[in-house]
Amino acid sequence: MGSVALQSLAEARRAVVDPDRVFAMIDHIVDTTPGRTGTLVPGGEAFLTATREACAAAGIRVFDIGDGEQGIVHVAGPELGLALPGATIVCPDSHTCTQGALGALAWGIGASEAEHALATGTLRMTRAGTMRITIDGRLGHGVTAKDLALALLARFGADGGQGMAVEYAGEAVRAMEVEARLTLCNMATEFGAMTGLIAPDAVLFAWLRGRPHAPAGAAWEAALATWRELATDDGATFDIEHCFDARDVAPMIGWGTSPAQSVAVGDRAPADNAYMAVEGGAPLLGLPIDAAFIGSCTNGRLSDLRAAADVLRGRQVAPGVRAWVVPGSTSVRAAAEAEGLDRVFTDAGFEWRESGCSMCFHAGGPGLPPGSRVVSSTNRNFEGRQGVGVRTHIASPATVAASAVAGVLADPR
Amino acid sequence: MQPFHTLTGTAVPFGAENVDTDAIIPARFLKTVTRAGLGAHAFATLREDPANIFDAPQNRGAPILIAGDNFGCGSSREHAPWALADMGFRVVIAPSFADIFAGNAFKNGILLVALPQEQIDRLMEVAADQPLTVDLENQVVTTPYQDRFAFAVDPFRKDCLLNGSDEIALTEALGQDIAAFETRLASARPWVGGAAARVAA
């Protein structure tokens, strides 16, 4: 959508107010086949060309195919230190809330709002409501931030956070590594929230230090002093407060066509869903799958690939199951290769691909036939999201890997 | 933006809940680099059924859509309001709307009217064979049966819709305040996006 915004801006004879603060990632419709040169989506090449030309004309840095820093914007942005605590970040993509895990105020916008932001460096906003979800206890063995995100959706609904900026707090969140926090905040938009946020802490500062666009030297020390003051004050009040116990969360699986339609993988489907060919009362474990996908801005980071590889080591994808792994960024791909994860995946029968949004959504080109059942580490299971008539079961990377091996929906533990 | 004052017309009693933007306009139609022409593909999956509500003769070109809770959830694609506008919709009435969709709809001159479910139910019933009137100035939806349902609207958005304002121009008029903020930001947080360099230049 960035290219539409830039074109409108040019037509209105307005300039980008500060190109140094604008970045463009080529991620959504890019081909992920190794050795790629563009996109396999019919008509997509014109879109990529328009984006490149508009960015070149405006003086905007593009992270393109072949660039070692290219990736899905919500994976690469934090990784590069483009997202920082206290920063205000907008991007024409609903999963921009991911970057709130760094203590940034980050949210998704449309093309017209992008045009306004590019022209003025500002947006007009109605102040969001405030919600805090305090998650006590620790997640159990084999239970991940993705499972927690799905459990929160199942409990509070797809509109449970509507109009809210949601702070995730509590022992379970404090104990999470930064990549898991990014996964948790990623699905704030599925919750209807404007954004998700996590208070910056020592874990985050250690993770950010030395990243390419993060401040360095004296600027780092000055930034750190400011960032330490960002956390919510003791005694602060919120419009809505929820509590949740991490110990109650099991590996989750989507059974329906809304991300809130998720249950513990060992549970039965609570209702019929004709599109998914799921029967109310029937167990979900054991449903035969046609494909397995690991990747996306939700679960395409190194820790996600490690979790899946741990399940796959020395095992084989079941016959007839097509399995893909698409690293969330080019640098995640390189880091995974450096520790041999690519071999674990390819030995197991997974395709090891280049970075991009890939099968998180289907925009045309090669895809799965209607009626295919996919277990996927992505964020949305809407009708047709992964292709016309394709049925999506969203889950954690470990659950996807375990299911790929079993050939049916399976518990990773 | 095309101004909006009062509109009387056919309302499509759709009523579905949690309608996501993938349903409004599937991703395979998003490669467009312009805003026009998406109406033909709006609700593409649903409209594969020849008996779908949108292609019923009485609903073609209707300016009002009535939907269920959480309308417009999911992807931030502005193609969703572009597609709705291209179909002819200027108003969507529902119990609630997803935030990003609401912003996008407003930018494209589509008025979103949030009403309680029981009032939606009543409007769905009336819309089966009668037009509805949506009056932005007085913030009220009325029917030929004397129903009168008041709705809330953000004052800034109301003003923009009534006047067909160019929002970017309104913000540009605040240029001095924005510049002052940038100067403060550059000294308080010089590491943010090269703020110091920008102000120095």
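Thr298(A) counts as buried because its relative accessibility is 0% (buried means under 20% relative accessible area, exposed over 50% and partly exposed in between, with a 1.4 Å probe and protein chains only). This is a predicted model, where local features need pLDDT of at least 70 and side-chain atom pairs count only at pLDDT 80 or more, while totals for chains, interfaces and linings use all residues. Residues are numbered from 1 along each chain as its sequence is written, chains are lettered from A and ligands numbered from 1 in the order in which they are written, and side-chain values use heavy atoms, leaving out hydrogens and water.

**Around Thr298(A)**
- Thr298(A) sits in helix H10 (residues 296-299) of chain A; helices (H or I, at least four residues) and strands (E, at least two) are DSSP runs, numbered from the N terminus.
- Its side chain makes a polar contact with the side chain of Asn379(A) at 2.9 Å (a pair of N or O atoms within 3.5 Å; within protein, one must be able to donate a hydrogen and the other to accept it, and residues adjacent in sequence count only if both atoms are side-chain atoms).

**Strands S14(A) and S15(A)**
- S14 (residues 373-376) of chain A runs parallel to S15(A), with 4 bridges; pairing takes at least two DSSP bridges.
- Across that pair, Val374(A) faces Thr392(A) in S15(A).
- S15 (residues 391-394) is covered on both faces, with Arg391(A) and His393(A) buried on one side and Thr392(A) and Ile394(A) buried on the other.

**Helix H3(A)**
- In H3 (residues 73-80) of chain A, 8 of its 8 residues are buried, including His74(A) and Glu79(A).
- Just after H3(A) comes Gly81(A), with a positive phi of about 75°.
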